[in-house]
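Let's take a tour of this model together, starting at its ligand and ending with its overall build.

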Amino acid sequence: MGFIEVKDLKVHFPIRSGFWNRITDWVYAVDGVDMEIEQGKTYGLVGESGSGKSTIGRTIIGLEKATAGHIYFNGEEITNKRLSSIPEFNRSVQMIFQDSLSSFNPKKRIIDIIAEPIRNFDHLSPSEEKKRVIELLEIIGLNEEALYKYPHEFSGGQRQRIGVARSIASNPKLIIADEPVSALDLSVQAQVLNYMKRIQDEFNLSYIFISHDLGVVKHMCDYLHIMYHGRFVEKGTRKDIYTNPQHIYTKRLLSAIPVIDPINRDKHKLERKQTEALYQEKQNAYYDEKGRVFDMTQLTNTHYAALDPKGGAH
Ligand SMILES: Nc1ncnc2c1ncn2[C@@H]1O[C@H](COP(=O)(O)OP(=O)(O)OP(=O)(O)O)[C@@H](O)[C@H]1O
Ligand SMILES: [Mg+2]
C-alpha cells in the first residue's frame with residue numbers, strides 16, 4: 001500500500017466568456033486518474049503539453065482543487081483540505097518547479113529561499129537555521145558563499161539544484177518535480193538528475209517526475225504513467241513501458257526520443273516515420289467515439305493500458 005493514494009481524481013476548470021462571464025464550457029485537465037506512491041520510488045508522469053501533468057502535481061500538493069475523486073495520505077483523506085490544517089502532509093510533500101527563476105522570489109536571498117519550508121515547523125534559532133541551510137547547500141554541491149546571494153546570481157543548473165535543496169529542507173517523503181531539468185542543457189540536466197538520484201538513495205525519497213520526454217526520465221523512473229488528454233493511456237514498470245508498450249500513444253512518445261548516436265540515426269528516423277504513419281492510421285481504434293481514452297485494462301501484475309474493451313485495436 002502506498003503512503004499516498006490518488007483515486008479517480010478529476011480536475012475540471014471552467015471556461016468563462018461573454019458579458020456576464022458565465023461558464024460556457026469546461027477543460028477536463030485531469031479526468032479520472034489513479035496513482036499509488038510508495039516510499040523510495042520514482043514515478044514518471046509523461047505526456048504532451050496540456051495533457052494535465054502539472055495539474056495532477058499541483059492538486060496533490062493542494063495548489064488546485066479536485067473536482068472529484070480522492071487523495072489519501074497514510075490512509076487519511078486529505079482531498080481539498082487546507083494545507084495548514086495538515087502540517088504532517090505539508091512538510092512531507094514538496095514541489096520543484098521547471099523555472100526556478102520565476103518560482104523563487106527574486107528579492108529573497110538563498111538562505112531565506114531554502115529555509116522557508118522549515119520556518120513554519122522547526123523554530124530553529126538563526127544560527128541553527130544557518131547551519132542547516134549550509135548542510136543543504138553542501139548536499140547539492142554549493143557552499144556557504146551562496147547564502148546571501150540572490151537567485152539571479154546563479155546559473156540555471158545551480159538554481160535547479162537550489163530548488164532541490166529547498167525541497168528537501170523539511171525532510172519530505174515525496175518530491176513532485178515538475179519538469180525540473182527541461183530548461184537546462186543536456187550536460188547540466190545530467191548533473192541535476194545525478195544530485196536528485198543521490199539524494200533519493202540517501203533519504204529514501206519518492207519522486208513524481210513530470211516530463212514530456214520519455215528519454216529524460218528513463219533512468220530515473222521505477223514506474224511510468226503515460227498521460228493523454230487528462231487520462232492515463234498506460235502505466236507500468238520501466239520495463240513494461242520501454243520494452244513492451246501497448247498503447248499507440250506510448251509507442252509514439254517512445255519513437256520521439258532523440259537519438260544522439262549517428263550510426264542509428266537514419267534507422268531511427270525511418271522507425272519514427274513508420275510509427276507516425278501507424279498512429280495516423282490506427283489512432284481511432286485507441287480512443288472511444290468521443291475521442292476519450294478508454295478505461296485501463298490490467299495486462300499483468302504491474303502493467304495497465306487503456307485499450308478498447310471490445311478489442312478493436314488488437
Ligand atoms: N488554472 C487553470 N485554469 C484553466 N485552465 C487550466 C488551468 N490550469 C491548467 N489549465 C488547463 O488544463 C490543461 C492541462 O494543463 P497542465 O498545465 O496540467 O498541462 P501539462 O501537461 O503540465 O502541460 P505542459 O507540458 O505544457 O506543462 C490545459 O489545457 C491547461 O490550459
Ligand atoms: Mg506542466
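A residue is taken to be near a molecule if its C-beta atom, placed from the backbone, lies within 6 Å of it. Please keep in mind that this is a predicted model.

With that cut-off, the shell around ligand 1 consists of Phe-13, Val-27, Ala-29, Gly-47, Ser-49, Gly-50, Ser-51, Gly-52, Lys-53, Ser-54, Thr-55 and His-212. Two elements, β2 (22-37) and α1 (53-60), each give two or more residues to this shell. The largest share comes from α1, with three residues. Sorted by class, the shell around ligand 1 holds three nonpolar, eight polar and one charged residues.

Now for a pair of helices. The axes of α10 (residues 248-255) and α11 (residues 265-282) come within 9 Å and cross at roughly 155 degrees. Angles over 145 degrees count as roughly antiparallel, so α10 is roughly antiparallel to α11. Their crossing is left-handed. Here is who takes part in the contact:

| Helix | Residues in the contact |
|---|---|
| α10 | Ile-248, Lys-251, Arg-252 and Ser-255 |
| α11 | Glu-271, Arg-272, Thr-275, Glu-276, Leu-278, Tyr-279 and Lys-282 |

By class, the contact of α10 with α11 has three nonpolar, two polar and six charged residues.

Finally, let's step back to the whole chain, which has 11 helices and 12 strands. Its radius of gyration is 21 Å, close to the 20 Å that the globule rule gives for 314 residues, so the chain is as compact as a globular protein of that length. Along the principal axes, its C-alpha atoms fill a box of roughly 65 × 55 × 45 Å.

Definitions and conventions:
Residues are numbered from 1 along each chain as its sequence is written. Chains are lettered from A and ligands numbered from 1 in the order in which they are written. This is a predicted model: local features need pLDDT of at least 70, side-chain atom pairs count only at pLDDT 80 or more; totals for chains, interfaces and linings use all residues. Helices (H or I, at least four residues) and strands (E, at least two) are DSSP runs, numbered from the N terminus. Ala, Val, Leu, Ile, Met, Phe, Trp, Tyr, Cys and Pro count as nonpolar, Asp, Glu, Lys and Arg as charged, and the others, Gly among them, as polar. Axes are lines fitted to C-alpha atoms, for helices over the stretch in contact, and angles run from 0 to 180 degrees between N-to-C directions. Angles under 35 degrees count as roughly parallel, over 145 as roughly antiparallel, 65 to 115 as roughly perpendicular and the rest as oblique. A crossing is left-handed if the near helix is turned anticlockwise from the far one by less than a right angle, and right-handed if clockwise. Two residues are in contact if their C-beta atoms, placed from the backbone, lie within 7 Å. The radius of gyration is taken over C-alpha atoms; the globule rule is 2.2 Å times the number of residues to the power 0.38.
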